[in-house]
Amino acid sequence: MILKRSFIALLTLFVGLFFAPLSYSQTDTLKKENPKTETPKKETRSKLFEDSATDSDYLMAIEKASAAMETAFNDADFDGASHHLFGEIKRTQSKLDLILNSLKGANPNARNQQMYRIVLKEIQLELEEQNTAINLRNQNLEKIKSRFIELRKDKALMTLIKDTIRRKQFKKEFANLRSRYKATDSLMTKNQGILNNNKRLTVERKIAVSNALIAVDNKLEQSGISMRKKEYPFLWSINDSVPKEKVAQNIGAKVIIEESVAAYYLSYRAGGLITLLFFMGILGWYISRNLKYLKENGHAENLSLFNFKYLNRGIIIPVAVIGLNIAVVGNLYAPALFIEFLHLILLGLLTILFKNQWSGVSMRNWLLLLGLFFILCFLDLFITVGLFQRCSFIVINILGIRYGLVQIKTLKEQLYIKGFFKWATILFIGLNVLSILHNIFGRVSISNMLSLTAFISLTQIVALSVLLKIILEIIILQIYTTRVKRGIEKIFDHEHLSETLKKPFIIVISYMWLVVIASNLNVWESLRTSLGSLLSHPNTIGSITFTLGNIILFFIIIWVAHLLQKYVAYFFGEIDDENEENINKRQHSKLLITRLVVLIIGYLLAVAASGMPLDKLSILLGALGVGVGLGLQNVVNNFVSGIILIFDKPIQIGDVIDISSESGRVKSMGLRTTKINAPNGAEIIIPNGNLLSQNITNWTYTDNFKLVDISIEITGETTPEAINETINKSLESLPLVNNAKPSQIYYTSISEGKYKIQIKFWCSIYKTEETVSGARQTLFSNFKAKGLTFST
């Protein structure tokens with residue numbers, strides 16, 4: 001109705017504008033008909049302040065109307081966002097057609113129905129957003145039409161429309177105005193039709209999605225009910241014999257159904273899978289670049305010292321193992337054929353990696369596990385439930401129980417993380433036992449689900465163990481390559497480093513494993529929903545409202561920030577026990593700043609994720625200020641001092657310093673304390689505030705060389721010139737002496753046949769005692785060879 005009224009008003013305006021009848025004023029007409037007739041004379045009045053329009057006013061009114069139509073034309077035209085919206089509507093229609101066609105086939109299993117439900121929910125959300133976008137564009141057209149109605153309030157324009165003579169005077173301008181009006185009216189009519197058509201399609205699709213969701217929910221409900229009660233007769237009551245032709249037909253029909261469902265899901269998830277493939281390609285290129293650099297510089301053979309188990313077998317398979325593990329966890333609602341196919345490919349690649357590395361017994365047991373899993377998948381997907389299928393499942397379950405009790409131990413010894421295998425074995429045996437019991441008493445659906453979950457949980461923990469080892473090998477490779485680029489070829493303690501790095505990864509792997517198990521048991525969605533409700537439930541304490549999810553997210557972000565600032569040095573080739581002389585102090589400074597930035601960003605993100613309002617945050621900061629005033633002065637002092645040390649750089653990691661009665665080499669600098677390694681092996685922890693408040697002697701502020709001296713006494717018949725020559729030659733022969741800086745020789749006492757001398761020379765501060773000891777030995781040998789007595 002609003003659209004109708006707007007169009008009627010619009011048409012009324014322009015009918016009056018272009019088709020108004022020619023008319024003159026009543027006074028002019030009378031004068032023409034009766035020229036002799038005169039109106040009575042009136043009192044003469046000034047017309048200076050009369051409200052009369054001029055040609056300029058009329059031109060301005062026409063220009064204003066023309067500008068309004070031009071703006072309306074531009075605003076009515078669809079922009080890039082609108083065309084993108086129409087493209088999204090077409091893509092949504094394609095997805096909906098695919099899923100509706102798939103639903104028309106035979107009744108898929110519960111896992112496929114769960115996938116349909118998730119996809120339909122996403123399509124429903126897309127349709128809601130598209131419908132909202134169409135409504136906004138309809139409202140925009142209504143606003144454009146209201147601009148034309150506003151033109152009726154322009155007195156000059158309306159006066160011009162009624163005055164026929166004036167309208168003829170502006171004939172050309174009126175023609176342009178009419179042309180703009182027709183173009184705008186045509187565009188608005190066309191676009192209004194497009195929007196109405198898309199609106200109708202979205203409404204029809206929303207109805208179709210709602211009906212499809214009802215059908216899927218009903219099937220899932222029936223499936224859930226059937227899992228909780230007896231679906232088939234007891235095992236001893238079955239007496240079915242199916243002809244071979246019928247079995248072949250059933251297998252063929254199920255293959256077609258599963259293929260169509262998997263093909264639909266593949267097309268639906270194509271974007272995500274291509275993105276995963278792209279990132280795995282970048283990872284593979286990155287690994288190959290590091291390996292190529294080491295090979296070109298003659299360090300490839302040193303990789304054997306790191307005991308790599310998988311990266312030495314090539315790059316493609318380890319990267320594919322990483323990608324498939326991520327794909328399995330990232331496609332929790334995939335159809336059965338798709339997810340089981342991914343598992344089988346993953347296990348096949350693992351078999352290639354295990355070849356020639358595992359013992360013969362372990363390899364045979366692994367192949368047996370793969371064979372049982374493959375048969376189980378085939379029976380579940382393509383064989384109709386009957387006596388043959390149920391008995392086959394029981395046989396596989398019995399073999400699985402025996403496998404878990406006897407043969408699984410050979411696999412455990414070959415894996416990187418063995419702790420999980422105990423729980424995986426218990427779960428594997430328990431699920432197989434439950435599967436047998438449910439199968440015997442006619443609850444076949446839940447029996448099949450338990451069997452598949454048992455084998456997937458066991459094989460997945462093997463795959464995740466390999467995944468962890470590959471990731472650690474990639475990190476070790478990165479650290480070693482970076483160190484080689486810096487000129488440090490020393491092999492570091494990679495085993496200790498791996499033990500340190502694997503701890504946070506084990507948490508992630510545990511989560512991935514539990515999610516895969518819950519997904520295969522068809523309880524992940526309900527667990528996720530329940531957990532989401534618990535975490536998002538608002539709680540109020542006083543005037544502060546918070547959710548448990550925000551608090552957990554707050555601590556998770558802080559934990560991740562601390563992990564990143566702790567481990568970020570490894571990616572630059574820095575090791576905790578670094579003690580090389582050619583340590584890169586500038587890089588250490590950059591690392592300290594990077595750590596500071598990571599911590600600041602982490603804490604800011606944590607505060608933002610907590611959902612705490614700014615007014616409440618100001619109260620918290622006020623309380624913190626009171627705490628600082630009462631008892632946290634030293635903590636804040638040390639923190640601020642740490643920031644000053646990072647940017648002012650009076651000392652850096654690797655410097656040899658003296659402070660008070662302590663001396664040693666700076667091992668690490670934190671935001672609160674600095675660690676110093678003393679010569680006797682002790683680690684001295686000094687608060688940063690103390691470093692700034694005391695005098696510091698930095699022996700390596702400019703360079704790493706120290707001036708040392710040796711006092712010697714020479715006895716015998718010789719001359720000072722010969723002594724000087726012997727000393728200089730001795731020092732030049734020592735590699736630890738810095739001969740770029742000249743040595744100094746001072747005679748403190750000279751008598752007949754007796755010389756007391758002080759020698760000063762430069763050497764590395766990190767090897768002072770070693771250099772002095774070597775210099776004494778060399779001087780003693782050289783003077784003794786000349787028949788002189790040497791003493792220090």
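Q: What sits over the ring of Y293?
A: The charged end of K485 does, 5.1 Å from the ring centre. To count, NZ of Lys or CZ of Arg has to be within 6 Å of the ring centre and within 35 degrees of the ring normal. Bear in mind that this is a predicted model, where local features need pLDDT of at least 70 and side-chain atom pairs count only at pLDDT 80 or more, while totals for chains, interfaces and linings use all residues. Residues are numbered from 1 along each chain as its sequence is written, and side-chain values use heavy atoms, with hydrogens and water left out.

Q: Which residue lies over the face of W423?
A: That's K422, at 5.7 Å from the ring centre.

Q: Why is the pair F428 and F455 called edge-to-face?
A: Rings of Phe, Tyr and Trp (its six-membered ring) pair if their centres lie within 6.5 Å; planes under 30 degrees apart are stacked, over 60 edge-to-face, and the rest tilted. The centres of F428 and F455 are 5.1 Å apart and the planes stand at 80°, so edge-to-face it is. A search of the whole structure turns up 12 aromatic pairs.

Q: Are F428 and F455 buried or exposed?
A: Both are buried. Buried means under 20% relative accessible area, exposed over 50%, and partly exposed in between (1.4 Å probe, protein chains only).

Q: Why is α16 called roughly antiparallel to α17?
A: The axes of α16 and α17 cross at roughly 165° and come within 8 Å. Axes are lines fitted to C-alpha atoms, for helices over the stretch in contact, and angles run from 0 to 180 degrees between N-to-C directions. Under 35 degrees counts as roughly parallel, over 145 as roughly antiparallel, 65 to 115 as roughly perpendicular, and the rest as oblique. That puts α16 roughly antiparallel to α17.

Q: What label do the rings of F554 and F555 get, and why?
A: Their centres are 5.3 Å apart and their planes at 85°, so this pair is edge-to-face. As for accessibility, F554 comes out at 23% and counts as partly exposed, while F555, at 52%, counts as exposed.

Q: Which residues form one aromatic cluster with Y480?
A: F306 and F308 do.

Q: How do you know that K206 and E128 form a salt bridge?
A: The term needs a side-chain nitrogen of Lys or Arg within 4 Å of a carboxyl oxygen of Asp or Glu. The closest N and O atoms of K206 and E128 are 3.2 Å apart, and that pair qualifies. K206 lies in helix α8 (residues 171–228) and E128 in helix α5 (residues 110–150), so the bridge ties together parts that are 78 residues apart in sequence. K206 is partly exposed at 25%, and E128 is partly exposed at 37%.

Q: How many salt bridges does the structure hold?
A: There are 6. One of them joins E204 and R200, with the closest N and O atoms 3.2 Å apart. Both of these residues lie in helix α8, 4 residues apart, about one turn of the helix. E204 is partly exposed at 42%, and R200 is partly exposed at 41%.

Q: What separates E725 and K729 along helix α25?
A: About one helical turn, because they are 4 residues apart in α25 (residues 720–732).

Q: Why does K729 count as exposed and E725 as partly exposed?
A: K729 has 51% relative accessibility, so it is exposed. E725 has 44%, so partly exposed is the label.

Q: What makes N356 exposed?
A: Its relative accessibility is 71%. N356 lies in the loop between α12 (336–354) and α13 (360–382), and its phi is near 70°, a positive value in a residue other than glycine.

Terms used
Helix = DSSP H or I, 4+ residues; strand = E, 2+ residues; numbered from the N terminus.
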